[in-house]
Amino acid sequence: MKIAPFAIALSLAMPAFATDPAYVKSVEEWRARADQSLRKDNGWLTLAGRYVMKPGANTFGTSKDNDLVFPEGLGPDHMGVVNVAPGHVEVKLLPGVTMTQDGITMTDKVMGTDGENRDWVQLGRASFHVIERDGKYILRLADRQSEVRKRFGGRVWYGVNESYLVNAKFVEYKPARKIPIVNILDEVSDEPLAGYVEFKLGGKPYRLDALDDEGGLFIILRDDTAGKTTYGSGRFLFVEKKPSDGETFKLDLNRAYNPPCAFSEYTTCPLPPRQNILKVKIEAGEKYPPRKAG
């Protein structure tokens, strides 16, 4: 917040690749897990719809006279209704229509709305869950036979470069503070800041604000590769364990990865705050666009 972006774009001269085979292997294994997570059932590649629901009854099905119109092939014309009230979302299906969860068949269900613990139900090849965002209730629909999923040929990454495994220092914000984070729909939410990390690249100092994320650090950043070799809106970086205040730790920029919006139009990804837009090329981590199958 107090640190303005550097005025001059810098392109760092980095050694070509890492020389420690064990480190390279660890990053490549992490990237393989990230790729598989993206491909899984109900993953970002399968999303087929995002519906902001109104209070009260929301009919759904593939017919155009429904409040929530599912794509053709994802169920019968009329499937049921989602009743929405503050703190309570319930699905009731029409006679002859059923849904399953964990092998249990049901015709009605009170839906969980926690975005971190998604309460998926399945109807044929389709699945959906409901999340609550700032008082709005949103139904996310997935299709296991999604064309996006079929065409996906894999994430694309820079080669692992050990020069981007940098020494960083974590500085905790005292007192605690929040920061407004804007998503690609211009929706704003106040998120808790853990502090910031400071590090050097090519001898130049940089700093990134980090959000508190269940015992870890979540960083949203953009650098001068954005819109060229990496995703234009920015990338994410996760530190699994939050360091202690003042602690020096290893920040692995080789694990910078694309947000869900790089893969699906049915997501609302947060954008980097101004202070996390760095005037430097970080030629590490995930590139854009992904490969296509075939």
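These legends walk through a few close-up views of a predicted model. In this model local features need pLDDT of at least 70 and side-chain atom pairs count only at pLDDT 80 or more, while totals for chains, interfaces and linings use all residues. Residues are numbered from 1 along each chain as its sequence is written, and side-chain values use heavy atoms, with hydrogens and water left out.

**View 1. Phe-218 and Phe-236 form an edge-to-face aromatic pair.** Rings of Phe, Tyr and Trp (its six-membered ring) pair if their centres lie within 6.5 Å; planes under 30 degrees apart are stacked, over 60 edge-to-face, and the rest tilted. By this rule there are twelve aromatic pairs. In this one the centres are 4.8 Å apart, with 70° between the planes. Phe-218 belongs to strand β16 (residues 216-221) and Phe-236 to strand β17 (residues 235-239), 18 residues apart. Strands (E, at least two residues) and helices (H or I, at least four) are DSSP runs, numbered from the N terminus. Both Phe-218 and Phe-236 are buried, where buried means under 20% relative accessible area, exposed over 50%, and partly exposed in between (1.4 Å probe, protein chains only).

**View 2. Phe-236 also pairs with Tyr-257.** Their ring centres lie 5.8 Å apart with the planes at 85°, so this pair too is edge-to-face. Tyr-257 sits in the loop between β18 (248-252) and β19 (291-292), so the pair ties together parts that are 21 residues apart in sequence. Trp-30, Trp-157, Phe-218, Phe-236 and Tyr-257 make up one aromatic cluster.

**View 3. Two arginines sit over tyrosine rings.** A charge counts as over a ring if NZ of Lys or CZ of Arg is within 6 Å of the ring centre and within 35 degrees of the ring normal. Arg-177 lies over the face of Tyr-173, 3.7 Å from the ring centre. The charged end of Arg-207 is over Tyr-196, at 3.6 Å from the centre of that ring.

**View 4. Five strands build an open sheet with mixed pairing.** Their order is β3-β2-β4-β5-β8; two strands pair if DSSP finds at least two bridges between them. At the edges, β3 (68-69) and β8 (108-110) each pair on one side only. Strand β5 (residues 88-93) and β8 run antiparallel, joined by three bridges, and Val-91 stands opposite Lys-109 in β8.
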